[in-house]
Amino acid sequence: MRLHVVDHPLVAHKLTTLRDQRTDSATFRRLADELVTLLAYEATRDVRTEQVDIVTPVSTTTGVKLTHPRPLVVPILRAGLGMLEGMVRLLPTAEVGFLGMIRDEETLMASTYATRMPEDLSGRQVYVLDPMLATGGTLVTALKELMKRGADDVTAVVLLAAPEGIQVMERELAGTPVTVVSAALDERLNEQGYIVPGLGDAGDRMYGTVG
Ligand code: URA
């Protein structure tokens, strides 16, 4: 597994406003969207392309286009949904699958409640969207499922990661074709499993609290 923490002043600037508890939901959603587009630029650095010949108004030349099968983007519901538009803005031809996962707030274990994805992901590059890599449980479960279906290149795009979650991912996904792209690596998890300093509950900050 590879970890790439994006070091860019625009990313740091937007993340600072996202973290601020005074930022309202509408602004939070807009900033998360913009931040994901910046992260997507880094996350797609190795997206597969093939050579094509084209004719410009001046001459012939050789360029590239994205290959088939098309990349698959998988937001993890609920909070990953707030990252979808920012990602497909850079990858408009990607297909979109969905994984609904929920974390038990006492055991911190992740379980899957909805899956909408192709059965066969052989040869596919997959981009998984989940804002918070906290304990790593949700992402490990999701990424294993994608690789079980044949995905051979999986990138998790997250807004924040905790060292504890990265350790779990490195242990559970050693030797797999997984890359994590994050806007920051924070200090630690607290007793409730929240990232410190973090930004709070990403789903609640985006969509409000649902009981
Ligand atoms: N999920 C969140 O939304 N926030 C955290 O800090 C950890 C997990």
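In this predicted model, Thr135 sits in the loop that runs between strand 9 (132–133) and helix 4 (137–148). Thr135 counts as buried because its relative accessibility is 19%, and buried means under 20%. The side chain of Thr135 comes to 3.3 Å from the backbone nitrogen of Gly137.

**The ligand and its surroundings**

- The shell around the ligand is made up of Arg103, Met132, Ala134, Gly193, Tyr194, Ile195, Gly200, Asp201 and Ala202, and by residue class it divides into five nonpolar, two polar and two charged.
- The space that the ligand takes up is the largest pocket.
- On the side of Ile195, a polar backbone atom lies 2.8 Å from an oxygen atom of the ligand, and for Ala202 a backbone N or O atom is found 2.8 Å from an oxygen atom of the ligand.
- Gly200 brings a backbone N or O atom to 2.8 Å from a nitrogen atom of the ligand.
- When the ligand is taken alone it exposes 240 Å², and the protein buries 89% of that area.

**Cis peptide bonds**

- Most peptide bonds are trans.
- The bond that joins His68 and Pro69, however, is a cis peptide bond with an omega of about -5°, and Pro69 belongs to the loop between strand 3 (60–66) and strand 4 (72–77).
- The peptide bond from Leu77 to Arg78 is likewise cis, with omega near 10°, and Arg78 has its place in the loop between strand 4 and helix 3 (84–88).

- Val158 is part of strand 10 (residues 153–158), and it is classed as buried because its relative accessible area is 0%.
- Between the C-alpha atoms of Val158 and Leu139 there is a separation of 10.0 Å, while the two residues are 19 residues apart along the chain.
- Thr23 is located in the loop between helix 1 and helix 2 (25–43), and with a relative accessible area of 12% it is also buried.
- Thr23 and Arg205 are 182 residues apart along the chain, yet their C-alpha atoms are separated by 8.6 Å.

- Leu3 has its place in strand 1 (residues 2–5), where its relative accessibility of 33% makes it count as partly exposed.
- From Leu3 to Gly100 the spacing is 97 residues in sequence and 24 Å in space, taken from C-alpha to C-alpha.
- Thr17 lies in helix 1 (residues 9–19), and Thr17 counts as partly exposed because its relative accessibility is 29%.

Definitions and conventions. Residues numbered from 1 in each chain as written. Predicted model: local features only at pLDDT ≥ 70, side-chain atom pairs only at ≥ 80, totals over all residues. Heavy atoms only, no water. Near = heavy atom within 4 Å. Polar contact = N/O pair within 3.5 Å; in protein donor to acceptor, adjacent residues only side chain to side chain. Areas by Shrake-Rupley, 256 points an atom, 1.4 Å probe, with all protein chains shown as cover. 1 Å grid on protein atoms, 1.4 Å probe; cavity = no way out; pocket = protein on both sides within 12 Å on 5 of 7 lines; lining within 4 Å. Sits in = over half its atoms within 2 Å of the grid points. Nonpolar A, V, L, I, M, F, W, Y, C, P; charged D, E, K, R; others polar. Helix = DSSP H or I, 4+ residues; strand = E, 2+ residues; numbered from the N terminus. Buried < 20%, exposed > 50% of the residue type's maximum accessible area, 1.4 Å probe, protein only.
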